[in-house]
Amino acid sequence: MIQMLNRVSRFFNPLQSTTGAGQADIPQAFMHPGYSENMHAASGQKSPVSSREQSLTSSSQKTRVTSSEQSPDSSGGKSADPSAGKKSRMETRDLTVTYGTTIGVKEVSIPIYDKEVLALIGPSGCGKTTYLRALNRMHDLTRIAKVTGQVLLDGKDIYHKDVNPVNIRRRIGMVFQKPTPFPTMSIYDNVIAGLKLVGIRKKSLLDEVCERALTQAALFDEVKDRLKQPGSELSGGQQQRLSIARALAVDPEVLLMDEPTSSLDPQSTNRIEELIHTLKDHVTIVIVTHNMQQAARISDRTAFFYVGNLIEVGATNDLFTKPKQNQTEAYISGRFG
Amino acid sequence: MTTPQTQTDHTSRQESNTMREAFKNHLVTIEKDMMAMADMVTLAINKSIIALKEQDVATAKIIRNDDQFINDKRWEIEEKCISLIATQQPVATDLRELIAVLSIITDLERMGDYAEGIAKIVIKLGDTPLVKPLIDIPRMEEIAVEMTRASMKAYSVRDDQAARRINKQDDQVDELYHQVQRELISIMLEKPSTITASTKLLWVAHNLERIADRVTNICERIVFLVTGEMIENIREE
């Protein structure tokens, strides 16, 4: 009887001999003697799980930089390419940013499509913020920074000597990691600061723009009765939405966001994410985020950077389900970074 | 000397690696559970046909009752998958693996139901003599079980080409099913008194044909797991 049961358990569990898995996984009732006939044929199979464990080990060793990974895949997904049919609003061609002898980003070429959300992800120091700041000439303010290659906005190079960076920054707004309301200004003045800077003084127009921008930033209802109060009195999430409203007031075509929710609580983060979802009907958004779930939730396409190189860019859905590069897979799965 | 910052980084990396290890272990456990479930299902299929051949009602009753264990195993694995998805937010291959498992265990559970269905037919037939000798039906069972085991092997080694090859065997099962169908229809036409018993055998063949179909679903999921492509009617490239 015991021999018979042993035979049965071997049949049930060909894995047993090599993995130690199994007998406990199979209900005892299945060990009924009625099942015992002809079972020896199945015994002695090699453990498939053992092979799986080996493959897990070997796959984690596969991650390395290959020459093919130097040229990122920009094909996107075949099933639902969010860029299909969209025109390119911005584009970087062989964009390289160096700080003295240090390379920030190296020869990055990405088309940025009209009214899309492009997320930039990668470990700290990979160059994503450097890339973002190059998109509205923020590096002009850093003496040792040198930008080569091209950044095109509607086909025109924003680094051309005839282009005024102030005009560029009006067309390409920016929201930073920490909320940046001007502390001495009221909520109202914060929103219209950009307009005043370019000389607009007409009160009715300023009022109209202020309401529109605050509404777009999903803040108007919360502050409409206290527009004259200092912006710095708002909560962190509200201050960040105020910063977004200020950026939107000048009616930008592209909005750059550098980890806009990293200092916010989950509820405020959720508000900003909702806002991004709404805003993309009107503006093109490029966002740097360390939160991969956020990138997966809010973006149409995602670009993965690693040590200054663009490793892969494609439809977010594809990048998070079937990345083409081992490095991308390893990073988004949490194996490094 | 290590700076405090470096120490923090090092600690958090260690924690991250440990968490990653734990996640990997959960995935391995889920795979083992699925393999165990597949063993339960193949055994149930195999024994249901032996019970039919030997008209062994006692074994058939055990198979019928034990289907509950297969169902329980499916829910247990599903719960583990849902918990991992909720807590670990897997992506890429890890996500595809869990999605594949969720789909495969559904197919395995249904295959178990088909085996249970055959067992119920054996119980209903009782001592009623079989209308024909069983040759093609056991052959169908052999191929279906072989396909199931091979699919689990292909899953374990992540071999999408093997999965495509296994899929082709479904044609053999279909062919045998049509043969059994033709034969039983002839018998029924010739001897209408055998209609009830013949219909029962026809259901047995039908269940085996469906089991093989379910294996093709499993193979499609293996291709999805390995390549990320969702393709119906996969074939070897």
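Biologist: Is Gly122(A) buried or exposed, by its relative accessible area?

Modeller: The model is predicted, so local features require pLDDT of at least 70 and side-chain atom pairs count only at pLDDT 80 or more, while totals for chains, interfaces and linings use all residues; side-chain values use heavy atoms, without hydrogens and water. Residues are numbered from 1 along each chain as its sequence is written, and chains are lettered from A and ligands numbered from 1 in the order in which they are written. Gly122(A) sits in the loop between strand 3 (117-121) and helix 5 (128-134) of chain A, where helices (H or I, at least four residues) and strands (E, at least two) are DSSP runs numbered from the N terminus. Buried means under 20% relative accessible area, exposed over 50% and partly exposed in between, with a 1.4 Å probe and protein chains only; at 0%, Gly122(A) is buried.

Biologist: Which residues does Gly122(A) touch, not counting residues up to four places away in sequence?

Modeller: Contact means heavy atoms within 4.5 Å. Gly122(A) and Ala303(A) are 181 residues apart in sequence, with C-alpha atoms 8.4 Å apart in space. Beyond four places in sequence, the residues touched by Gly122(A) are Lys128(A), His290(A), Phe304(A), Phe305(A) and Tyr331(A).

Biologist: In chain A, what share of the contacts with a separation of 6 or more joins residues 24 or more positions apart?

Modeller: Chain A holds 14 helices and 10 strands. Of its 337 residues, 50% are buried. Among contacts with a separation of 6 or more in chain A, the share from residues 24 or more positions apart is 69%.

Biologist: What covers the buried residues of helix 7 of chain A?

Modeller: Helix 7 (residues 187-197) of chain A has buried residues that include Tyr188(A), Val191(A), Ile192(A) and Leu195(A). Just after this helix, Gly199(A) has a positive phi of about 95 degrees. The cover over the buried residues of helix 7 includes helix 8 (203-216), helix 9 (220-223) and helix 10 of chain A.

Biologist: How far apart are the end C-alpha atoms of helix 10 of chain A?

Modeller: Of the 14 residues in helix 10 of chain A, 13 are buried, and Asp251(A), with a positive phi near 55 degrees, follows the helix. The expected span of a helix is 1.5 Å times one less than its number of residues. Helix 10 (residues 236-249) should therefore span 20 Å, and the separation of its end C-alpha atoms agrees, at 20 Å.

Biologist: Is Asp154(A) buried, partly exposed or exposed, by its relative accessibility?

Modeller: Asp154(A) lies in the loop between strand 4 (145-153) and strand 5 (156-157) of chain A. Its phi is positive, near 50 degrees, although Asp154(A) is not a glycine. Most residues other than glycine have a negative phi. Because its relative accessibility is 35%, Asp154(A) counts as partly exposed.

Biologist: How does helix 3 of chain B run relative to helix 6 of chain B, parallel or antiparallel?

Modeller: Axes are lines fitted to C-alpha atoms, for helices over the stretch in contact, with angles from 0 to 180 degrees between N-to-C directions. The two axes come within 9 Å and cross at roughly 170 degrees. Angles under 35 degrees count as roughly parallel, over 145 as roughly antiparallel, 65 to 115 as roughly perpendicular and the rest as oblique. Helix 3 of chain B is therefore, relative to helix 6 of chain B, roughly antiparallel.

Biologist: With which residues is Asn71(B) in contact, leaving aside its neighbours within four places in sequence?

Modeller: Asn71(B) belongs to helix 2 of chain B. Its relative accessible area is 14%, so Asn71(B) is buried. Beyond four places in sequence, its contacts are Glu109(B) and Asp113(B).
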